[in-house]
Amino acid sequence: LGMVDRATIDPPSIARYGKYALGLFAQDSFKITSRFTLDYGLRYDYSTYYREQYGRSPQFSPTLADPTAGGMPGDAIYQATCHCQLAKNYPLAFAPRLGFAYQMNKKTVMRGGFGVVYAGTGQGGNFTAISGNATANNPFGPTVPGQGIMTWGKGVTLNGSPITAAQIAWPNYSPSYFPVGGVLPGTGPQYLDPNAGRPARQYQYSFTIQREIATNLVVEGSYVGNRGIWWPTFEDEGGAMVNYNYLSPQLLAHYGLSLTNPANLATLLAPIGSAAAGVFQNKIPFAGFPLTATVAQALRPYPQFNAGVNAVAAPLGDTWYSSMQLSANKRFSHGFTATGGFTWSKSENTFGGTSDPGNFALAKGISAYNQPFQTRMSLTYTLPSWGPGRIVRYIVRDWTLNAFGDWASGLPLAAPTANAAGYPSALSTATMANLTFLTNQYQIPTGQPFYNVDLNCHCFNPQTTRSEEHTSELQSLRH
């Protein structure tokens, strides 16, 4: 019938993204006495946030008026036109380091150290999406779901108006260009976190005692740990820690609503133009807001966007690591050496995200790479000089042969998606996403075992077991 459902504008475009970094350091080693040595140093790092060189990337502004949504806050902003910095670079990345070695006696040495380390600023994750918004491939869909965006008889239109040459040209700094899908659906530009220029900081510390207990046999025991803060989090890595466009309990309470009230749930899911919307019927947030959209959508902080507003590279990630490390090194005769090590550790972080962006404490959990127990063994043999003639001995000697073995705990099992914690269990995750616009939600079961079977019983093979008793990999897991 000539109706067009969606389209894409692909003007020729070349964006240039990047950042720069520099580092300076000074260090010294001071032998205070014949038994005590002190190492100390200071490093300085400076790293800028990731950005388009000429400021042509559209970024979300939580305060700028959006002309496509009746002047509500949430428009696009460009560094090229605002002549401003969208994020702050961190200038105070000074990293001191301190270490010591003390010889307690001829066979025992004690060592320790503490240091601060700064990582570079983020440059992955949703920065890919930012690059996409700055260049071509800009799709747009209908203003009202289910209706065409244009007809061929009237020509190509954008947001209901004929597309001009200025709109097709790149770069496009028009404040009304985003969201390109009109009011709904439309995701809008990405939001670069104002602190995206802050590098991650890690505190590293260790304490070691090393002793020779027999000729050419040295054993060592250590405590090694670190604590990291300000790690950048990215939505597409499962680590979204913020969402500025969801219905928080505080916002719902402001409107006299609660997710524990079944009547309120029905109201939130009702189209705002229907009688089921109750007191919210036809109370649209701005002119042009579709009456078919739900009350929940209308109450969002930025109702013109039907997606969450997640901050890119928000420095909210935390890490924790603690370990006991034991090792032994034995030098045998004829160039043969054996080394063994054992590590008992625990690694935690907040990279799994949180079901409540208002409560970051819920994000702390076991790292996906956590292996509590790890044992390593290695054998090294250096070939001696042997064989007839000097040339043969020269060719054969000093070759090294190595053998290595590693035994470790398995990686943690991931928690499956379940209903939102604290909400009626009859509501599916999809329904809760329509109510709160959060998708990373889990339910903490009460009075139920976490697993159907003992995972250490050696009786469950996921490749072959098909009985009803074992089909569910995980009954429930606490996130």
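Guide: The chain exposes about 26,400 Å², and carbon and sulfur atoms supply 58% of that area. Accessible areas come from the Shrake-Rupley method with a 1.4 Å probe; for residues, only the protein chains shown count as cover. This is a predicted model: local features need pLDDT of at least 70, side-chain atom pairs count only at pLDDT 80 or more, and totals for chains, interfaces and linings use all residues. Residues are numbered from 1 along each chain as its sequence is written, and side-chain values use heavy atoms, with hydrogens and water left out.

The chain has 479 residues, 36% of them buried (under 20% relative accessible area; exposed is over 50%, partly exposed in between; 1.4 Å probe, protein chains only). Its secondary structure comes to 8 helices and 25 strands (DSSP runs numbered from the N terminus: helices are H or I, at least four residues; strands are E, at least two).

Now the close look: Thr48. Thr48 sits in the loop between strand 5 (36–47) and strand 6 (51–52). Thr48 counts as buried because its relative accessibility is 7%. Leaving aside residues up to four places away in sequence, Thr48 touches Lys19, Tyr20, Asn89 and Thr121 (contact means heavy atoms within 4.5 Å).

For contrast, turn to Leu98. Leu98 lies in strand 11 (residues 93–105). Leu98 counts as partly exposed because its relative accessible area is 47%.
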